[in-house]
Amino acid sequence: MTPGLKPFADLRSGRSADGPVIVAFLLARSMGEFVAESLFAASVKRSLEHAILCVYWRNDRPFKGPLLGLNGHITHNWGAQGGASMPLDAFDDASGKPVHVRDLDWFRHRCHRPDVVLTPSMMRGRWPDGVSAPARFHWREEHGARLDGDLAALGVDPNRWFCVLKDWDSNDPDDLIAGEDRTVSGYDIRIVEKIVRDAGGQVVRVGHAKLPDRAAIAGRIDLADAGCKPLLLARAIARARFYIELTPSGTAMLARASAVPCWSPSGFAGQPSVAELEKAIGALAMQADDHGGWRLPVVEQPHQPSNRIIWPLRAGPGFVG
Amino acid sequence: MSLREGHAIERDTDNPRLAVGASADNPCIIVALMLARTLGDFIDHQLFAASTALLFEHSRLFVYYRDDRPYKSRIVAMNPYVTRAWAMLEKDTFPFDGFDDRPGAPVGVDEEDWARLGCRSPHILLTPSMMQRAMLPAFPNSARFAIPNDQIRGLDQRLLDAGLRPDRWFCVLHYREPTFGPRGAESDRDIDPSYPIAMTDHIIRHLGGQVVRIGHPGMRAFPARSGFVDLAGEEDPGFLHAHAVSRARFFYELSPSGPAHFAWAFGTPAVRCNAIQGWGPLEESSMVVLKQFRDRSGNQIPLDWIINDEMLVRASTRTYREARGIFLTPNSLDELRRAARDILARTADCLAWRRPVEQVRVPPPNSFEWPLQRGYRHHIMAYWDSSTQDVEGVV
């Protein structure tokens with residue numbers, strides 16, 4: 001209690017129906033940032049008892065809707081399209097509003113009277129202090145089983161563990177060609193052989209849909225176009241023993257969203273050497289649990305909400321964007 | 001290169017110099033949506049946002065408001081903590097996507113300053129529902145308004161020209177009348193106009209002060225007399241009402257109404273009478289005097305019951321009172337007189353026009369826990385029977 005402050009009766013105690021309202025603006029365009037924002041907001045919600053989370057997002061990328069569906073904490077969402085938006089005056093909670101929001105759900109969920117509003121700058125790849133139990137992707141059982149079936153149908157052996165390898169990724173065709181040459185000669189064969197032959201696993205290769213084909217290697221399953229199927233990609237990573245990528249990318253956020261050990265090279269250090277990759281793979285295999293088969297999808301652990309947040313939201317243990 | 005799990009990283013702001021608000025290079029950016037229409041709410045929201053800014057050594061406060069009342073732009077001008085304000089006219093508005101701070105935003109705010117000053121990337125976004133007045137006393141440093149420097153001399157002269165003596169103290173008197181604009185009558189807040197006239201007489205004749213009335217044009221006329229100045233008739237008071245409050249020994253509010261919020265905005269002690277809720281002033285010397293709370297049998301409800309129950313917060317709702325069998329009776333003239341004597345005693349250090357006093361501030365913590373506590377620092381009083389009740393025992 002602040003010194004000298006005499007408290008008013010707490011009107012919220014024991015009134016679950018009046019739990020705090022969180023409104024989050026998930027405005028990122030890249031997949032990594034979008035997922036980070038989504039789960040950041042969910043983690044804040046987890047820290048406040050009886051809270052509800054409503055999100056506003058822009059439905060301008062095919063992955064957004066499906067991945068938003070893996071956030072199990074959202075009470076309601078508004079997906080804006082084209083030039084449409086909602087006005088800041090939507091937070092006007094008095095009578096006689098000069099600017100109207102003609103959406104009853106906005107008021108039904110008490111979004112016009114939020115307790116917390118999160119913008120992208122507050123959620124950028126960091127967890128707030130006090131969030132001891134970060135939110136994770138939530139898979140409905142039937143849905144997950146169907147995607148597992150898809151993975152098996154594509155050739156992933158359900159009885160052996162696998163890792164997901166994100167291949168060279170670039171939006172620049174020149175980089176892609178140069179990277180292709182280096183990757184094939186420098187990394188690809190040795191890495192896959194190390195995982196498949198030496199460690200007894202499988203490699204699920206993901207990446208850009210336009211990546212050139214790799215040479216066929218037993219134990220490597222190619223899902224290079226999985227980026228077009230965001231849920232299949234997310235599911236593959238969620239069930240992988242670990243995730244590794246050859247260039248920093250937002251796909252790593254899918255691993256973090258499922259608490260899957262991951263390795264990503266620093267964006268400042270250039271391409272990793274084969275020796276560095278081998279060392280990373282060895283370390284990942286060590287820290288990952290000993291899975292005879294596929295990883296069980298992570299389940300959020302019960303926890304005691306702190307019922308507080310600290311402004312400004314500070315960096316703490318959690319994601320790095 | 002680093003090896004890391006999905007959920008474990010190094011902290012990158014363990015260095016206190018990098019903490020938000022700790023340096024001029026990294027100020028805490030606060031965007032406040034001031035969407036209230038009523039005077040009192042608008043003032044309180046300004047104070048809340050400014051007090052939030054004072055929690056940081058370095059901050060920038062940006063205000064988004066709708067310029068639909070003649071007083072709003074002046075109030076923004078009296079808030080010295082505002083870095084930049086955006087005044088919306090008519091149906092103008094900014095979109096939610098104004099907080100998209102990455103390149104290539106498909107929808108945004110068409111104002112260069114919005115992006116240039118960092119408003120797209122706030123650390124804190126305050127909405128009206130977050131800026132709760134019951135949280136205002138929890139701030140370790142309460143923000144104050146300031147009359148623009150270039151206005152002060154002229155406003156002092158206007159008070160002199162209106163007939164105020166500069167060598168004697170005065171109080172500002174205000175109450176609600178049912179003739180106020182489109183909002184009309186509110187039986188819980190309007191009072192019998194004969195009471196303010198009687199109290200003006202009491203303050204001038206028995207307490208030795210002067211009285212300045214503020215309010216809206218069209219309020220009931222008072223008898224002209226020495227020591228009484230009526231500013232309620234000003235069609236366009238500009239900063240005059242606010243300035244009068246800043247110079248007053250105390251603010252004497254006979255029924256809850258917006259202009260009283262100027263008192264806590266300037267640090268002028270206030271007494272709020274005929275109150276049906278506990279919140280109000282921010283000064284510890286200030287007082288809230290409740291109406292008489294009675295049960296169905298007509299018995300007075302003890303003050304400590306009211307204080308410790310939710311009725312202090314909820315009693316303004318008629319349905320709540322009816323459900324609980326609570327009846328309210330306005331303060332009597334005797335109660336109003338006793339309240340005036342008490343606030344006079346609490347302001348004994350101010351014997352002429354009030355001068356701004358530099359506040360003693362605690363070091364900004366550069367962070368705060370949310371939600372803030374809801375509470376009060378003033379005294380909640382009741383003069384319902386022969387003995388004064390004050391839960392703090394300070395009378």
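A disulfide here is a pair of cysteine sulfur atoms within 2.5 Å. The model is predicted: local features need pLDDT of at least 70, side-chain atom pairs count only at pLDDT 80 or more, and totals for chains, interfaces and linings use all residues. Residues are numbered from 1 along each chain as its sequence is written, chains are lettered from A and ligands numbered from 1 in the order in which they are written, and side-chain values use heavy atoms, with hydrogens and water left out.

**View 1**
For C54(A), the closest cysteine sulfur belongs to C111(A). The two sulfurs lie 3.4 Å apart, too far for a bond. C54(A) is buried (under 20% relative accessible area; exposed is over 50%, partly exposed in between, with a 1.4 Å probe and protein chains only), at a relative accessible area of 0%. C163(A) is in no disulfide either. Its nearest cysteine sulfur, in C262(A), is 12 Å away. C163(A) is buried too, with a relative accessible area of 0%.

**View 2**
Two packed helices are described by the angle between their axes and the distance between the axes. Axes are lines fitted to C-alpha atoms, for helices over the stretch in contact, and angles run from 0 to 180 degrees between N-to-C directions. Helices (H or I, at least four residues) and strands (E, at least two) are DSSP runs, numbered from the N terminus. Helix α5 (residues 141-153) of chain A packs on helix α7 (residues 230-238) of chain A at about 85°, with the axes 10 Å apart. α5(A) and α7(A) are therefore roughly perpendicular (65 to 115 degrees; under 35 is roughly parallel, over 145 roughly antiparallel, the rest oblique). Contact means heavy atoms within 4.5 Å. From α5(A), the residues in contact are H143(A), G144(A), A145(A), L147(A), D148(A), D150(A) and L151(A). From α7(A), they are L231(A), L232(A), R235(A) and A236(A). By class, this contact has 6 nonpolar, 2 polar and 3 charged residues. Ala, Val, Leu, Ile, Met, Phe, Trp, Tyr, Cys and Pro count as nonpolar, Asp, Glu, Lys and Arg as charged, and the others, Gly among them, as polar.

**View 3. Helices α4 and α6 of chain B.**
Helix α4 (residues 149-161) of chain B and helix α6 (residues 240-247) of chain B cross at roughly 85°. Their axes come within 10 Å. α4(B) and α6(B) are therefore roughly perpendicular to each other. On α4(B), the contact uses I152(B), L155(B), D156(B), R158(B) and L159(B). These meet L240(B), H243(B), A244(B) and R247(B) of α6(B). The contact divides into 5 nonpolar, 1 polar and 3 charged residues.

**View 4. R197 on helix α6 of chain A.**
R197(A) lies in helix α6 (residues 173-198) of chain A. R197(A) is exposed, with a relative accessible area of 62%. E37(A) is 160 residues from R197(A) along the chain. Their C-alpha atoms are separated by 38 Å.

**View 5. The chains behind the close-ups.**
Chain A has 9 helices and 11 strands. Of its 321 residues, 56% are buried. Among contacts in chain A with a separation of 6 or more, 71% join residues 24 or more positions apart. Chain B has 11 helices and 17 strands. Its C-alpha trace spans about 80 × 50 × 40 Å along the principal axes. Buried residues make up 54% of the 395 residues of chain B.
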